[in-house]
Amino acid sequence: MRLVSVNRLQAGMKLGKKIYNDEGLVLLADGVELTDALIKRLAKIDIGYIYIEDSLTEDVEITGMLQDETRNQALKVVRNQFQKMSGASGITKGFYHLDKKFSKVMDSILDDLATQEDPMIMLLDMHTADNYLYAHSLNVCLYTLVLGIAYGYSREELRVIGLGALLHDIGKTQIPVKIVQKAGMLSDEEFRHMQAHTEIGYRILKEEPNIPLLAAHCALQHHERIDGSGYPRGLTGPQIHEYAKWLGVADSYDAMTSNRIYKKAMLPHQAVEALYVGSGTLYEQKQLELFRDRVAIYPLGLTVKLSTGESGVVVKIDPSTPHRPVVRVLNGPEGEPVVPFELNLGSKLSVVIVDVTDEDGAVVRTT
């Protein structure tokens with residue numbers, strides 16, 4: 001499979017991986033042959049990149065971080081609960097309780113991740129920008145758990161931080177939809193309303209008998225930044241709980257790499273670079289370093305240009321050196337097709353990735 005930006009799709013290409021809406025429902029199944037009409041539809045619903053079938057990379061398998069059953073159940077629980085809570089009364093006064101299924105979902109997620117020897121933050125399934133909140137909640141949960149596993153948290157600690165991550169934006173269920181889904185820039189008043197989701201989320205979760213209090217603090221503090229520039233309380237480094245700091249990194253990364261109503265998604269390597277701009281000011285440097293070492297910044301199937309002038313597709317990622325993948329070289333320095341061969345950048349240190357390109361060699365610009 002190969003990862004291709006939608007603006008480079010051509011009729012006749014076949015979809016290599018399912019496309020979901022953010023409620024977990026399949027919009028297009030893998031193997032579907034793309035038509036001009038389908039390509040226009042994909043562009044209209046803000047899908048930025050998709051996987052296509054490709055004879056030169058047919059052996060490249062793109063697997064998810066979770067089993068399909070676990071992933072779909074998690075999205076279903078988040079969607080159903082959040083939809084019930086939208087507009088419901090008495091929520092922040094303890095008159096409304098969360099579905100107990102959240103705890104079961106968390107156990108299933110942890111069980112799936114436990115089967116992976118060295119779990120990494122991978123580019124997840126393609127979603128539309130509609131109802132972004134549900135998929136975002138699950139993505140942030142997965143990213144935070146991968147970081148927590150790498151950091152060495154126990155199963156119970158992972159369960160707490162995982163619940164905090166899965167429910168970190170629950171307060172947005174009480175923010176007017178016209179603000180949450182606004183396409184343009186928020187006004188000062190609208191932004192103040194949006195910021196309130198952290199405190200609302202805290203008030204909801206701290207009353208829940210089946211939700212750890214630390215999970216409520218994750219909701220409260222995930223927008224705090226170590227230099228005091230965050231919200232709602234402008235806390236500085238030592239005042240912010242460690243869980244919330246991990247969550248803040250994961251939350252920012254997913255926001256950057258997801259299609260939104262008002263912006264296109266960045267590719268992983270661009271998002272990591274953007275995060276590093278805030279190293280030591282917004283985010284803890286050591287946390288960013290661990291994050292960098294656990295994220296596949298060049299996803300499987302991505303077409304890249306090398307310092308040799310050659311280009312090819314990422315076909316394998318070594319968890320010990322995720323930023324130096326194995327590239328299957330398909331084109332020479334002048335763009336001419338060559339007999340495919342694989343170059344392991346983990347051992348060929350004189351060669352580096354200098355750009356990300358589409359299947360025809362054109363440089364991808366997403367920011």
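This is a predicted model: local features need pLDDT of at least 70, side-chain atom pairs count only at pLDDT 80 or more; totals for chains, interfaces and linings use all residues.
## Around L275

Contact here means heavy atoms within 4.5 Å. Leaving aside residues up to four places away in sequence, L275 touches V249, S252, Y253, M256, Y283, L288 and F291.

L275 sits in helix α11, which spans residues 268-277. Its relative accessible area is 1%, and because buried means under 20%, L275 counts as buried.

## How α10 meets α11

Two packed helices are described by the angle between their axes and the distance between the axes. For helix α10 (residues 242-257) and α11, the angle is about 135 degrees and the axes are 9 Å apart. The two helices are therefore oblique to each other, and their crossing is right-handed.

On the α10 side, the contact involves V249, S252, Y253, M256 and T257; these meet P268, A271, V272, A274 and L275 in α11. Of the residues in this contact, 8 are nonpolar, 2 are polar and none is charged.

## The antiparallel sheet

Elsewhere, let's turn to the strands. An open sheet is built from 5 strands in the order β9-β8-β7-β6-β10, with antiparallel pairing. Its edges are β9 (337-344) and β10 (353-357), each pairing on one side only. On average, neighbouring strands of this sheet are turned by 35 degrees against each other, direction ignored.

Within the sheet, β7 (residues 311-316) pairs with β8 (residues 326-331) over 5 bridges in the antiparallel sense. V314 has V327 in β8 as its bridge partner.

Definitions and conventions:
Residues are numbered from 1 along each chain as its sequence is written. Side-chain values use heavy atoms; hydrogens and water are left out. Helices (H or I, at least four residues) and strands (E, at least two) are DSSP runs, numbered from the N terminus. Buried means under 20% relative accessible area, exposed over 50%, partly exposed in between (1.4 Å probe, protein chains only). Two strands pair if DSSP finds at least two bridges between them. Axes are lines fitted to C-alpha atoms, for helices over the stretch in contact, and angles run from 0 to 180 degrees between N-to-C directions. Angles under 35 degrees count as roughly parallel, over 145 as roughly antiparallel, 65 to 115 as roughly perpendicular and the rest as oblique. A crossing is left-handed if the near helix is turned anticlockwise from the far one by less than a right angle, and right-handed if clockwise. Ala, Val, Leu, Ile, Met, Phe, Trp, Tyr, Cys and Pro count as nonpolar, Asp, Glu, Lys and Arg as charged, and the others, Gly among them, as polar.
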